[in-house]
Amino acid sequence: YQSGNLAIIITREGDQVICIVQEDEPRAARIRALFQSDGRSTCYYPNGDEWINMSIHGGQYLDQAGNRVRRWMWPNLSPGPQVQLSPIFISLNRHVGVRILAQDKIFVSFLAMGRQAKFNMGTKVQVSAASQLPPPARLGEDELLLLAFRVRILQLFDRMRGCLNFPSSEQWNKMQPPTYLMTQAVKILELCMAADISDELRSSIRAIVNA
């Protein structure tokens, strides 16, 4: 960003490419979107609530109250009648926009200081009836809380190291947490969405990892 804060992170884990969009904040920046080359993607409202969620089968668009506004299926990936996608464009903030045109045309654009960078995070994932993905593991409330507190503790240790290495607060306040911690935080939020837990607990876990 023009402030010097990190806006977009592109990283690789094995065969998978991950794109993380962060908010324009000096430290403990909130994650605004996560795009993965395996077909899973999520965008979040400024308060951390889910905005758009996509999988290899399709996606859904939620309003800020959590109500489903739109739902669609990618063509030729499921039997029976299909709801086709109409193009979607959202602005995560005044610098980062997301345009969803098709499964292989999901564009993340970044505009700052008169220059633009564009990334296509779409992918073509074929799913056959003989090889469906296994259902995601569902964790209980205690396990999710423990994972969230573990990430929070690691974040605090990283901040302490930054404070010791860079005594000037102007420097360490701008340091970003390691990529693996941000990835773990996003994965915990994904597990929360799949788990059968209360909205209150889900919000508490989100507050812990984004503190």
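This is a predicted model: local features need pLDDT of at least 70, side-chain atom pairs count only at pLDDT 80 or more; totals for chains, interfaces and linings use all residues.
Two strands count as paired if DSSP finds at least two bridges between them.

**The open sheet**

Four strands form an open sheet in the order S8-S9-S10-S11, and their pairing is antiparallel. Strand S8 (88-91) and strand S11 (115-120) stand at the edges with a single partner strand each, so one side of each has no neighbour in the sheet. From one strand to the next, the twist averages 15 degrees. Strands of a sheet pair through backbone hydrogen bonds, and the pairing may be parallel or antiparallel. S8 is joined to strand S9 (residues 96-102) by four bridges, and the two run antiparallel. Within this pairing, Arg99 in S9 is the bridge partner of Phe89.

S1 and S2 form a hairpin with two residues between them. In the turn, Gly14 has a positive phi of about 65 degrees. Strand S2 (residues 16-22) is largely enclosed by the rest of the structure, because six of its seven residues are buried.

**Aromatic rings**

A pair of aromatic rings is described by two values, the distance of the centres and the angle of the planes. A search of the whole structure finds three aromatic pairs. In one of them, the ring centres of Tyr1 and Phe110 are 5.8 Å apart and the planes stand at 75 degrees; the pair is therefore edge-to-face, since planes over 60 degrees apart are classed in this way. Tyr1 belongs to the segment before strand S1 (8-13), whereas Phe110 belongs to strand S10 (residues 105-112), so the pair ties together parts that are 109 residues apart in sequence. Both Tyr1 and Phe110 are buried.

The rings of Trp72 and Trp74 are also edge-to-face, because their centres lie 6.0 Å apart and their planes meet at 70 degrees. Which relative accessible area does Trp72 have? The value for Trp72 is 1%, and the residue is buried. Trp74, at 3% relative accessibility, likewise counts as buried. The cut-off for a buried residue is under 20% relative accessible area.

The charged end of Lys118 sits over the ring of Phe107, at 5.8 Å from the ring centre.

Conventions: Residues are numbered from 1 along each chain as its sequence is written. Side-chain values use heavy atoms; hydrogens and water are left out. Axes are lines fitted to C-alpha atoms, for helices over the stretch in contact, and angles run from 0 to 180 degrees between N-to-C directions. Rings of Phe, Tyr and Trp (its six-membered ring) pair if their centres lie within 6.5 Å; planes under 30 degrees apart count as stacked, over 60 as edge-to-face and the rest as tilted. Buried means under 20% relative accessible area, exposed over 50%, partly exposed in between (1.4 Å probe, protein chains only). A charge sits over a ring if NZ of Lys or CZ of Arg is within 6 Å of the ring centre and within 35 degrees of the ring normal.
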